[in-house]
Amino acid sequence: MRIPVFAANWKMHKTGLEAVAWIREFAVATKNLSAADAEVIIAPPFTAIAAAVEATRGATLAVAGQNLHFERQGAFTGEVSAALLKAAGADLVIIGHSERRRIFGETDESVQRKVTAAHTAGLVPIVCVGETLDERERGETLAVLDRQLKAGLDGCSGDQIAALILAYEPVWAIGTGKNATATEAGEAHAHLRRRLREWFGGTHADRCRILYGGSVKPENIKELIGLEDVDGALVGGASLESSTFAAIVSVSATL
Ligand code: PGA
């Protein structure tokens, strides 16, 4: 009952022109795919959002920001607000990606404020959670997920939970070529769903899409997407080539 979602996180790659070329190639490569098979999201750098929005007009691709600032406006040099993203044509925004947490000091508290700001502006948040290798080896994975989830989603309504997208991204799997095994991903996703049910009720929790992220490739997506609580993928490196990302998305049509 949950339509799978595949999100391409381009990180700090691609100009507007490169984004437009990717979107055209992707449309050709996925022309037989229907919107009922999968939803597809691209997250370009801020500078390519307007071009991407223009190029996706009439297509089923949605555009997301990769980050936002939680204040509505003001003297925050270098920052972009939810309202600015929305006005540029984005419909979603990635929040709390581990690179933001690790390199740029994002905290559970700022994630929560950003989720609220996104909702206020009418953007759908894609909220990222996940443990580091140290945390996994210390046996703290589920406790870390609980902390990030509870803090990040604090104040959300059931309807907001149903509409938002959660991404489980073990930090040790991002950009390393080493994805979580089906057992590891299955356990984390089932745990997240269980917590959403406890905190927000079964009806809303069962509508929330939970994506897996971390070294997703055409070779490993089939096993991951086959897991009960894995509703799609957040893809970094393998989303930069339109044909590779198209191969990942196409798996959902052949399930
Ligand atoms: P990766 O990145 O697919 O390159 O591991 C995933 C992510 O950071 O969202």
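How far is the sulfur of C208 from the closest cysteine sulfur, and in which residue does that sulfur lie? The distance is 9.7 Å, to the sulfur in C156, which is too far for a bond. Please keep in mind that this is a predicted model, where local features need pLDDT of at least 70, side-chain atom pairs count only at pLDDT 80 or more, and totals for chains, interfaces and linings use all residues. Residues are numbered from 1 along each chain as its sequence is written, and side-chain values use heavy atoms, with hydrogens and water left out.

**Overall build**

- The protein has 12 helices and 8 strands; these are DSSP runs numbered from the N terminus, with helices being H or I of at least four residues and strands E of at least two.
- A compact globule of 255 residues would have a radius of gyration near 18 Å, and the 17 Å of the protein agrees with that (the radius is taken over C-alpha atoms, and the globule rule is 2.2 Å times the number of residues to the power 0.38).
- Along its principal axes, the C-alpha trace spans about 50 × 45 × 35 Å.
- Of the 255 residues, 53% are buried (buried means under 20% relative accessible area, exposed over 50%, partly exposed in between, with a 1.4 Å probe and protein chains only).
- The accessible surface comes to about 11,400 Å², and carbon and sulfur atoms account for 53% of that surface (areas come from the Shrake-Rupley method with a 1.4 Å probe; for residues, only the protein chains shown count as cover).
- Among contacts between residues at least 6 apart in sequence, 71% join residues at least 24 apart (contact means heavy atoms within 4.5 Å).

**Cysteines**

- There are 0 disulfides in the structure (a disulfide is a pair of cysteine sulfur atoms within 2.5 Å).
- C208 is buried at 1% relative accessibility.
- C128 is also buried, with a relative accessible area of 1%, and its sulfur is 12 Å from the closest cysteine sulfur, in C208, too far for a bond.

**Helix α12**

- Helix α12 covers residues 242-250, and its buried residues are S242, F245, A246, I248 and V249.
- These residues lie on the same side of α12 because they cover an arc of only 160° around the axis (the arc is that of the directions from the helix axis to the C-beta atoms).
- The packing partners of the buried residues in α12 are β1 (5-9), α1 (16-29), β2 (39-43), α11 (221-225) and β8 (232-235).

**The loop between β3 and α3**

- Q66 is found in this loop and is buried, with a relative accessible area of 18%.
- A polar atom of the Q66 side chain lies 2.9 Å from the backbone oxygen of K11, and one lies 3.3 Å from the backbone oxygen of P44.
- Beyond its neighbours within four places in sequence, Q66 has contacts that include N9, W10, F46 and I94.
- S81 also sits in the loop between β3 (61-65) and α3 (82-87), and S81 is buried at 7% relative accessible area.
- Not counting residues up to four places away in sequence, S81 touches L68, H69, E71 and R72.

**Backbone angles**

- Most residues other than glycine have a negative phi.
- K11, in the loop between β1 and α1, has a positive phi of about 50° although it is not a glycine.
- S215, in the loop between β7 (209-213) and α11, has a positive phi of about 55° and is not a glycine either.
- S215 counts as buried, at 13% relative accessibility.

Conventions: A polar contact is a pair of N or O atoms within 3.5 Å; within protein, one must be able to donate a hydrogen and the other to accept it, and residues adjacent in sequence count only if both atoms are side-chain atoms.
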